[in-house]
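The structure is shown first, and the notes follow by topic.

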Amino acid sequence: MTRSVAWTVPVELAELLALPGVSGYEDPVRDYLLERVQAFGDPVADAMGNLRVTLGDHGPRILIVAHMDEIGLVVSGIDEDGSVRFEKVGTIDDRLLAGRHVTLHTRTGALAGVIGAVPPHHGGSAGANPATLAIDVGAASAAEVAAFGVRVLDSVSFDKFPRVMHGTRLNCRAVDDRVGCALVLWACRYAAGRDLGARITFAWSVQEEVGLRGAQGLAHGGERYDVIVPVDACASTDGPNHPRRLACFPLGAGPVLRMIDHGSFASPKLAAWLSALAERHGLPLQAGVTGGETDGVPLQVTGAHMVPLTIAMRYVHSLAETCDLRDVDHARQLLERLIDEAQWVPLATR
C-alpha cells in the first residue's frame, strides 16, 4: 500500500512518549495525565498510583483503561570502578541490552548512560548475559557515581528516538502503551460535558508490565463494572520473518479486538457489539488470537464483559516498537462511537 502523505504524531502522544515511566516509577506519566484530566472531572489516584476519572451518573458501568508503565531497568548495585549494575523490570529480551543508550533517573535529575558492550574484537557477544553487563555513566569510581546522585533503586529508562516511517508508521520505544494512554485521554476529553447514557470511568493503571498489579488494585477497589475495555498494544506477527501462527494483523488495517491471549478470553457478545458498531460507522476493525496479557485479565474475573481494543504493533517490547497512526485514529473514532452509544452496550450474559 502506498503511503505518500506524511502523518504528524499527535502532540499529546509525542509528549507521553517522551516521559519516563518504568513500572513502579510512573509518576511523570501520571502527573502529566492528572494535569489534563482535572478539567474534565474529579480525578482520583489510589494508593498504588492508578489514576481514574468517572463521568456520567447512570446507565451501564463502563471502564476504559490503559497502562502508564513501560519496561525498563532499576539500579541494583554500584561497583568500585564506577560500573552501575541493574536488574530488568518487565519482560525484556536480553539481546536488546548491550550497547543501548539509557537514562538514569536520580534524586538530582536525569543522567545519561550506556549499557557497556564488549566489542567482538575482544570476544564480546550482543547476546551477553545481563548479569555480566553494567551501565557506564562516565564515572571512574563508586564515589564519583554517588556524587552524580545515583543510588540503588533508581529507575533507568531506555532512550527513545521517535520517528514516522513512510508517512504513517510511528516507531519508538514505549508506544506500548503510551498510545493507549493517549487514546483514553482523548476519549475522556470527548466524553466531558456530554450527556452520557452510561457511567464511564477512564483509568490509567500502574505496573502492568510486572504482573498486571495496578489492574488488580482496580479490580479490588470497590467499584464494579459491567463492561471493561483495556486499550493496549497487540504484538502482531506482521513484521519481516515473523511466524504467522498468531496475530498476523496488518498494520494500517484497523485496531484489533484481542479475543484470546495467554491470560483471557474476551466476551464474544461485547466483541460482536463493537464489531457491529465499527461496521455501522465505516471503521476498520480486526480480531484474533495473540500472546501476552492485558489489564483485562484481573478485571474480567470481577464478572464483566471484557474485550481489549488494541493497536497492532511490530517488535513489541523492543526499542523499535512500530504501529500505524491510521490505526490509532480509527481506535480514537471507535471509542468516541462507543461513548455516543454506551447506553446500548450488552449487559446480559454470553
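In this predicted model, G82 takes a positive phi near 95 degrees. The residue belongs to the hairpin of β4 and β5, where five residues lie between the strands.

**Strand β4 and its partners**
- Strand β4 covers residues 72-78, and five of its seven residues are buried, so the rest of the structure largely encloses this strand. Buried here means under 20% relative accessible area.
- β4 and strand β5 (residues 84-89) run antiparallel and are joined by six bridges. Within this pair, G77 is placed opposite R85 of β5.
- β4 also pairs with strand β9 (residues 155-158), again in the antiparallel sense, over two bridges. Here V74 faces S155 of β9.

**The sheet of β10, β11 and β18**
- An open sheet is formed by three strands in the order β10-β11-β18, with antiparallel pairing.
- Its edge strands, β10 (163-165) and β18 (322-324), each pair on one side only.
- From one strand to the next, the twist averages 30 degrees.
- Between β10 and β11 (residues 169-171), which run antiparallel, there are three bridges. R163 stands opposite N171 in β11.

**The helix across the sheet**
- Helix α8, made up of residues 325-340, lies across β10, β11 and β18.

Conventions: Residues numbered from 1 in each chain as written. Predicted model: local features only at pLDDT ≥ 70, side-chain atom pairs only at ≥ 80, totals over all residues. Heavy atoms only, no water. Pairing = 2+ DSSP bridges. Helix = DSSP H or I, 4+ residues; strand = E, 2+ residues; numbered from the N terminus. Axes fitted to C-alpha atoms, helices over the stretch in contact; angles between N-to-C directions. Contact = heavy atoms within 4.5 Å. Buried < 20%, exposed > 50% of the residue type's maximum accessible area, 1.4 Å probe, protein only.
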